[in-house]
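Take a moment to look at the fold before reading on. We will walk through the sheet, then the helices, then the cores and rings.

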Amino acid sequence: RALYTYPSYALAFVYMIVSFKHGSTAHVGDLALPFIYFFVNFFWSIFSDVGEVRLNFLLFIILCQLLLLDKDSKIWVFKGFRIFIILMSVLGIICYVSFVLNLGLPYIIQNYYSTESQSLYINYHISYVQCSSNEAYPRLCGLFNEPGYLGTVAALILIVERLNLKRIGNILILVAACFTFSFAFWGLIILYLTIRCFRKPIYGFLAVAVLLSALGLVQNVETGNESVNKLVGRFSFSNDQKLKGDNRTSERFDRYYKEFDEKGELVFGK
């Protein structure tokens, strides 16, 4: 970690000097967002009563660097990142298939965050697979810490690529994303397709009709695969008409949020 962090700070310092020296200030206004984000975190690192708030200064610098780039440079960065995700997807698919079919690639088993967790990491070093007692099938993480992280990144890349499946790299990303069993992946793809259809009103109305029909059909769907059933089930609604996929909070969090909301602390968050 140190071998990565300290050179990153040094390179960031050099980059800032070079960028301003060559007049790369056309996008300085874009820096408002990371500055506001950093200020809010700094504010709560001083006044927060909910525990430690970490100031990730390196993340702040990297965001500033990215926003200062011109359009061509941003495209170059995206293309490089896409290649990285394709390689991650290929390695992930190999490791996932090896684990599911017991093909013998060596791995070690590690705790998923903590010893109290019901999940484990199947660590191939070039990719991670998450196994949980709550899931019938393992979920691919790639080199991210959670399967939903890979699913989200994969969805965003495919959206930028306009779901062009004529490119083999996009197919590999799609396959890896399917192995994540990620609600975020399918939610983002469905949202993108719906918005894309609205470029022509008739297609937009058809898209909404199909989406509403699909949400109605998944209420009691049964696929015979427990993991798929859980994924599909997250697109259904509970008795209080709340989407089941919206399940990222606990009762403790909900109580705390209600207290926070009633105190009117909405300016800086908490």
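A residue is called buried when its relative accessible area is under 20%, exposed when over 50%, and partly exposed in between (1.4 Å probe, protein chains only). Keep that scale in mind. This is a predicted model, in which local features need pLDDT of at least 70, side-chain atom pairs count only at pLDDT 80 or more, and totals for chains, interfaces and linings use all residues. Residues are numbered from 1 along each chain as its sequence is written, and side-chain values use heavy atoms, with hydrogens and water left out.

Start with the sheet. Helices (H or I, at least four residues) and strands (E, at least two) are DSSP runs, numbered from the N terminus. Two strands pair if DSSP finds at least two bridges between them. Here four strands make an open sheet in the order S1-S2-S3-S4, and the pairing is antiparallel. Its edge strands are S1 (108-111) and S4 (139-142), and each pairs on one side only. From one strand to the next, the twist averages 30°. Strands of a sheet pair through backbone hydrogen bonds, either parallel or antiparallel.

Now follow strand S2, residues 119-123. Four bridges join S1 to S2. Five bridges pair S2 with S3. In S3, the bridge partner of Ile122 is Val129. Tyr121 stands opposite Gln130 in S3. S2 and S3 form a hairpin with four residues between them. In that turn, His125 has a positive phi of about 75°. Why is S2 largely enclosed by the rest of the structure? Four of its five residues are buried, so the rest of the structure largely encloses S2.

Next, turn to helix H4 (71-101). The expected span of a helix is 1.5 Å times one less than its number of residues. The 31 residues of H4 should therefore span 45 Å, and its end C-alpha atoms are 44 Å apart, which agrees. Asn102 follows H4, with a positive phi near 55°. Among the buried residues of H4 are Arg82, Ile85, Gly92, Ile93 and Tyr96. The buried residues of H4 pack against S3, S4, H5 and H6.

That packing leads to the core. A nonpolar core is a set of buried Ala, Val, Leu, Ile, Met, Phe, Trp, Tyr and Cys residues joined through side-chain atoms within 4.5 Å. The largest one has 24 residues. Those with the most contacts inside this core are Ile85, Val129, Leu140, Phe144, Ile173 and Phe185. H4, S3, H5 (147-160), H6 (168-178) and H7 (183-197) each give two or more residues to this core. A second, separate core has seven residues, including Ala12, Leu31, Phe60 and Ile61.

Finally, look at the rings. Rings of Phe, Tyr and Trp (its six-membered ring) pair if their centres lie within 6.5 Å; planes under 30 degrees apart count as stacked, over 60 as edge-to-face and the rest as tilted. The structure holds 15 aromatic pairs. One of them joins Tyr9 and Phe57, stacked at 6.5 Å centre to centre with 15° between the planes. This pair links distant parts of the chain: Tyr9 lies in helix H1 (residues 2-21) and Phe57 in helix H3 (residues 57-68), 48 residues apart. Tyr9, Phe35, Phe38, Phe57 and Phe60 form one aromatic cluster.

Technical notes
Axes fitted to C-alpha atoms, helices over the stretch in contact; angles between N-to-C directions. Contact = heavy atoms within 4.5 Å.
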